[in-house]
Amino acid sequence: MHTSGEWRRNLIRFTVQNGRLLWLLALFLAGVQIGSTVFCTAWQPLGTALAPLLAPTPLGGGFGEAVAHLLGAAAPHFLLLLLLFFLGFSACGAPLSLLVPLFFGAGTGLTAAYHYATGLQGVFYTALLILPHALFVAAALLIACAESVRFSTRLAGQLLPHATLGGGLWQDLKLYLARFLLCGGLLFAAAVLDTVLRMMFIHHFV
């Protein structure tokens, strides 16, 4: 059995090894809090304005409609991924990369708060159709953001006086590309999951 001291050491080791991702997760959660707080503060005008965008809409079982929804669900998140990818190639891109999880978190919080405000049906809608998709997307964007910050910081370090490449930048670039491909796969999986769940459950909410 693990003693309390071992659990503490394991927790410290986990925090140190995953510190960047934990900070980004905190930014995402802060964004969720901001989005939900903004909606709760001005729920009447925001509810009216967001209704055409966020109200559940039926999704037929046709292949063409499913593909159209999949592409529509994936496109905005792939744009954020592409933004993070290019920010990683900028020596001053790290601060801007940190805005992405905050922005996505705010959108998630705003969306969840809107549906929660509609009552018990909105709670189930959020649990079934919003959160699974959002968690997949958040995982992909947090990994991508961590990579963008890491690579941007690495490039910035090469601009310092007496900096040397040390033969490692090419390896960093290959790792960077591989992880962004992984994130792209996660985003595609998130869009597929969202499409399948909506085809299965959307008729319960419209």
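1. F85, F86, F89, F151, Y176 and F180 form one aromatic cluster, where rings of Phe, Tyr and Trp (its six-membered ring) pair if their centres lie within 6.5 Å, with planes under 30 degrees apart counted as stacked, over 60 as edge-to-face and the rest as tilted. The model is predicted, so that local features need pLDDT of at least 70 and side-chain atom pairs count only at pLDDT 80 or more, while totals for chains, interfaces and linings use all residues. Residues are numbered from 1 along each chain as its sequence is written, and side-chain values use heavy atoms, leaving out hydrogens and water.

2. The structure holds 10 aromatic pairs, among them the edge-to-face pair of F85 and F180, at 5.3 Å centre to centre and 80° between the planes. This pair links F85 in helix α4 (residues 63-87) with F180 in helix α8 (residues 169-201), 95 residues apart; helices are DSSP runs (H or I, at least four residues), numbered from the N terminus. Both F85 and F180 are buried (under 20% relative accessible area, with exposed over 50% and partly exposed in between, for a 1.4 Å probe and protein chains only).

3. F89 and F151 also form an edge-to-face pair, 5.5 Å centre to centre with 75° between the planes. Because F89 lies in the loop between α4 and α5 (94-97) and F151 in helix α7, the pair ties together parts that are 62 residues apart in sequence. F89 is partly exposed, at a relative accessible area of 37%, whereas F151 is buried at 3% relative accessibility.

Note on methods:
Helix = DSSP H or I, 4+ residues; strand = E, 2+ residues; numbered from the N terminus.
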